[in-house]
Structures are given as structure tokens and as C-alpha cells.
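Please keep the sequence and the coordinates in view while reading.

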Amino acid sequence: MRRFGKLLLGLLPVVLPCLALGQQEVKLQELVVTATRIPTPLMEIGSSVTVITEEEIKRKGYRTVKDILKGEPGIDAITTGGPGGQSSILLRGMESYHTLVLIDGLEMGDPSLTQRQFNFANLTVDNIERIEIVRGPQSVLYGADAIGGVINIITKKGRGKPSFYVGIEGGSYDTFREFSGLSGQIERVSFSMAASHTRTTGFSAADEDLPGNSEDDGWENFSFSTRLDFEPTPWLTLGLSLRSQNGDTELDLGGGPYQDCDNYHVEHEEFFAKPYVEILGLDGKWRQRISFGIANHDREYKDSPWGDSNYSGRKYEVSWQHDITIFDSNTLILGAEFEQEEMESTFMEKKSAYTYSLFAQNLLNLKEVSFTTVGIRWDHHKEFGDRMTFRIAQAFPIEKTGTKLKGSLGTGFRAPSLYELYGPPFWGMPVGNSELDPERSVGWDIGLEQSLFDGLLKGGLTYFCNEVDDLIEYVSGRGFINIEEALSRGVEAFVEVGLLKGLSFRLNYTYTHTEDDEGRRLLRRPLNKLGANLNWTFLQERATVNVDLLWVDDRKDYDWAAGRRVRLSDYTLVNMGLGFKVHKNCECSLRVENVFNEDYEEAYGYGTAGFSVYGGVKLSF
């Protein structure tokens, strides 16, 4: 806490002068899709929402979505190993599998992973227009696995005259990256596509501070993404989102004894596709959308000390959504969904489960001073029968004062994964448990947002609380079992300041208190976390400087080799990005990560990158 206090004091000289400097243009009202499943002004949403735009992604210069997310309020990003290692996102102290990850609305969770979570390891920023983060239970709109929140990654829609870009980047750890993209609009067809290849020798996936860990563990990634939209008439749209990503990651032995392992690697292939049809009527007041989705995950572990193995997971979705604006102040959303998940592996025969769902949501606008969202959902799961969830969110925007009062309350449930139910014994010890009960949750939050000086200064404060009953955890010797409950509560706060024209500063803070049924803190969750971003665009917008600071408090983790809990020390990371437009068709970039060469751990026994430098050139036509 002493170090945290010093950080705050160090930032005050930067923040305080902001109140007296410059002017900033007022932004147009931002629309958010994920919170309500239809485009809704951010000021009218009662949920806690963060939107990361394409421009912000470009300024930061990071190449993976995990790195973009890790500095956001309420988010803890953890990678077990080097580049391409298993990467998880914890939202508001909940488990990683409590956050539903979507790409253009398609669920990304891998049914072949132990708890159906999504591995961010190979998800690059190619062809992404925006990322929307909605915190708190969202099971009413998105079903199981959304009891902690939703992260929706929205692909770029082609606009304007067709354009093309190509670029290269290289740097530390023998990293080399090539990338290209094409987007635009030709009459009634919009298109965007992007491809990239990254290769790096990396660093030791096992912590180099532990004896004998000196072998570098590399990563190679191929990613391709495209989105096509065709509007043959003003009332009909046909579309397709498609993404493919292949990763080859060298591994070490983790979980104890945490040591180098020559040639051990995993080949990971993922494919996602979602075609859709959208029909409009009644001057846009009536809309139907029908979509089909498929997500395929294949992992092959090679040269393992225990022998080669394969894992395959697939998920199919069919959804129908019907939106109708009854009055200008009332919009009704009805929907039906069918989902089927499957998994199989070297050690486990094919298993599957399905869910039928119906949901309804009503958005009520009362004289532009009160915005209420009420929803209810019915799910029928193959193994666990019928489940009902509800959610209500309320926003009171006060335009004259720039104030917004907000709050939400919701319930959720998560059916056990196929592996949790049917996982085979490991070294003679039980794993799967067909007697598991679904997890149930209740979550609520309440907050205030304030804008001053025509948007020059913005701030917000939110209190949240989530409680999960029948939480599923793995216990050595017993396999997966339901524990009584887990609790997460805390505070999220942010301040945004416009300095001079082109100069902005953002500061966010998260306090997260977690505990299991025995009163112990949940693993890898810091009590305090601080993030800061300074961005300066100058020389008639030809040059950009971006600085990120992240401070993470100490956490608890588990040493499986010793069978005990261990403490991970707090750490501070500073990253810098520089961009300069040499010509209207040529842009150079420089990125420095871990500027002060901080020695830190995100997970016990696993390595992290030191001081790193990367530079690149991008040509646009």
C-alpha cells in the first residue's frame, strides 16, 4: 500500500494542472451494442461499460487483445508462460470462465478446455473496429458463462473508397511480424479483411529465476479475419464474419516443478464463422435478425513427457432476434437460441450437450430522464433442465449538469463444462463429476459518472458486488466439486482529462475484495490495481506519443509442487508507443515495453518479458 500511495502522489502533478488547460471538442454520443443487443447511446445504459475504439488500439500499438485489455478497470490479465501461452481474463474478481467472450456476437469459449473458458493467446488485434466490455451478470441476453460480464470484439465494417495496407515489424526476442489488410465499399457491398504472421523466439515459459530455466520458448501465429456485408435492398442485409487463427507455442513444465522442457509444444487451430440475415421494416422500427455460428478449436500437444495428445471442441449456434419499437419511448426485444457444444480428446470419448433458450427485454425511455432496461430468460439444458434468470438496469442522465446515475441487478447461472462432468481420472485421481450442480449467481452495482467543463473533465465511481453459489473448483483427490460460495465486491473509479488539444490523460483504479467459502482470498486477484494512460498527438496529427502505466498489488497463488499458497509481489509496468507519419502513405512506429525492466510474475512459476523494443513500417494505398 505504501508503494501504491507513492504512485498516486507521483501522478498528482500531472492530473492537477489538467483542470486549467486547453479546450477539447465534445464527442458525439457513443453507441453501444453489447449491453442491450441493439445500438444504444452510452448515456442511456445502466450497466458499467467500457468501449475501446480502433483509434485507441492503434495508438497503444499492442498486437494482442490481451495486452489491450489488461490496463482496463476491473480486468486482470494472466498469462501462464511466454508468448502464446495460456492467457486468461478475470473480470471483477470472477473466474476467467465467468466472462463470456464474443466476436461479432459469436461465443468463443472452448468446450475442450477444462471449464469452457476462452484462451486469448492467439487473438490478435487484426481487423478489430472496437471492443465493448460490459461488467456484471449478462445471462439474460447471453446465457450461461456470462455471469461475470461480456467482452464483445467487433470486426471492422468496410466504408468508403477501397484502401489497402501492408507492413512489417521486428524487435526483441527475435520477433518479426508481417501484416496486411484491405477494406472499403463498392456500391452495396462492404468488405474488410486482414492477415498477419508473427514469429518470435520468446523467453523461458518457466520463470528464469527458478534454477535451470534458460531455454527460450517461441511462438508462431497466423491470423486471418474478414467481414462482408451486402445490402441488396434498403430493407435486407446479408453478412458474414469469419476468423481463423493458428498458433504454435513452445511450452515448459508448469504447475510444478516449473522447468524447461525441450521440444514440448502445442499447435492450436481455431476457426470462427457467423453468417446472418437482417430484415428491416416500418421505417426501421421493426427488425429481425437470424444468424448461424460455428466455433471450432483444435489443440495438439507434441513431444510431451507424458506422450502426445489431442483435444477438439466445437460449438454451434442458431439465433433469432426480433426488435420492435412500439413507441418512440419503448423498444421490445424478443429472441430464441439453440446451442450445442461438443468435445473429445485422446483420453475422452466424444461428449456433447445442448441448450434451448428464450429471452425478452424491454427498453423504456421516460421523457429522456429515465432509461430502464428489464429482461428475463428461460434456458433448458440437456443435463440440468430449466433455469430462469432476470436482469434490470437503470440510468438517470441529467443533461444540464453532465451527471449520470446508474445501477443494475441481475442473476445468472453456469452449467458445468463437459470436462468438469466427464473428465477421465488423471494418474488414478478423480477429475470429472457427473453429480455437479450448476453455479448460480447474483450481482449488482451502483455508480455515478460526471462530466465537467464541456467534457474537459470526466469521472466515474462504481460499487459492485457478485456472489456465486455452488462454485465449481478442482480439489486434488476429489476432482471437480461444488464449494459453498464465493464473493467478489469492490470499487471501480476513473478520471479522464483533456489537456491541450491532442493531449489527454486517463487514470483508473480498481479495488477488489474476494473470498471463498473459507474466507480466503481467491488466487491471482490483486486487492488494488491502478492504470494510467497519457496520449499526445501533435505536428498536425502526424506524430503520436502514448504512455501506459499499470500497477498491480500483491496477490496469492498456489505452488502445486510444494502444496501451499505463495505470495506474488506487486509490480509496476510502463510501456511507451511512438508513431510518426512520414508521408500520407507511410507511417513508422516504435514501441518500448517494460521500460524499467521490472521483474514480475502474473502467475507463480511462469516467466514474463523484460525490457523490449519493437519497430515497424506501414504503407497505405
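Is Cys-261 buried or exposed? Cys-261 counts as buried because its relative accessibility is 12%, where buried means under 20% relative accessible area, exposed over 50% and partly exposed in between, with a 1.4 Å probe and protein chains only. Cys-465 is likewise counted as buried, at 14%. The number of disulfides is zero, a disulfide being a pair of cysteine sulfur atoms within 2.5 Å.

This is a predicted model, in which local features need pLDDT of at least 70 and side-chain atom pairs count only at pLDDT 80 or more, while totals for chains, interfaces and linings use all residues. Residues are numbered from 1 along each chain as its sequence is written, and side-chain values use heavy atoms, with hydrogens and water left out.

The strand pairings come next. Strands of a sheet pair through backbone hydrogen bonds, in either a parallel or an antiparallel sense. Here strands are DSSP runs (E, at least two residues) numbered from the N terminus, and two of them pair if DSSP finds at least two bridges between them. S3 runs antiparallel to strand S8 (residues 128–135), to which six bridges join it; Thr-53 lies opposite Arg-130 in S8.

Strand S18 takes part in two hairpins. Strand S17 (residues 309–327) is joined to S18 by 16 bridges in an antiparallel arrangement, and two residues lie between the strands of this hairpin. Within this pairing, Ser-312 has Glu-344 of S18 as its bridge partner. S18 also pairs with S19, in the antiparallel sense over 15 bridges, and these two form a hairpin with two residues between them. Met-343 stands opposite Lys-351 in S19.

How many cavities of 30 Å³ or more does the structure hold? There are seven. A cavity is a set of points, on a 1 Å grid over the protein atoms alone, where a 1.4 Å probe fits but cannot get out, and its lining residues have an atom within 4 Å of a point. Grid points are joined across faces, edges and corners, and a volume is the space filled by probe spheres set on the points.

The largest cavity contains about 190 Å³ of space. Its lining consists of 20 residues, with Ala-144, Lys-315, Glu-339, Glu-341 and Thr-355 nearest the centre. Strands S18 (330–345), S19 (348–366) and S20 (370–381) are the elements that give two or more residues to this lining. By class, the lining comprises six nonpolar, five polar and nine charged residues; Ala, Val, Leu, Ile, Met, Phe, Trp, Tyr, Cys and Pro count as nonpolar, Asp, Glu, Lys and Arg as charged, and the others, Gly among them, as polar.

The second largest cavity holds about 90 Å³. Of its 13 lining residues, Asp-76, Ala-77, Ile-78, Val-552 and Tyr-571 are the closest to its centre. Strand S4 (75–80) and strand S30 (543–552) each supply at least two lining residues, and S4 gives the most, with four. This lining has seven nonpolar, no polar and six charged residues.

Technical notes: On a 1 Å grid over the protein atoms alone, a cavity is a set of points where a 1.4 Å probe fits but cannot get out, and a pocket is an open set with protein on both sides within 12 Å along at least five of seven lines; lining residues have an atom within 4 Å of a point.
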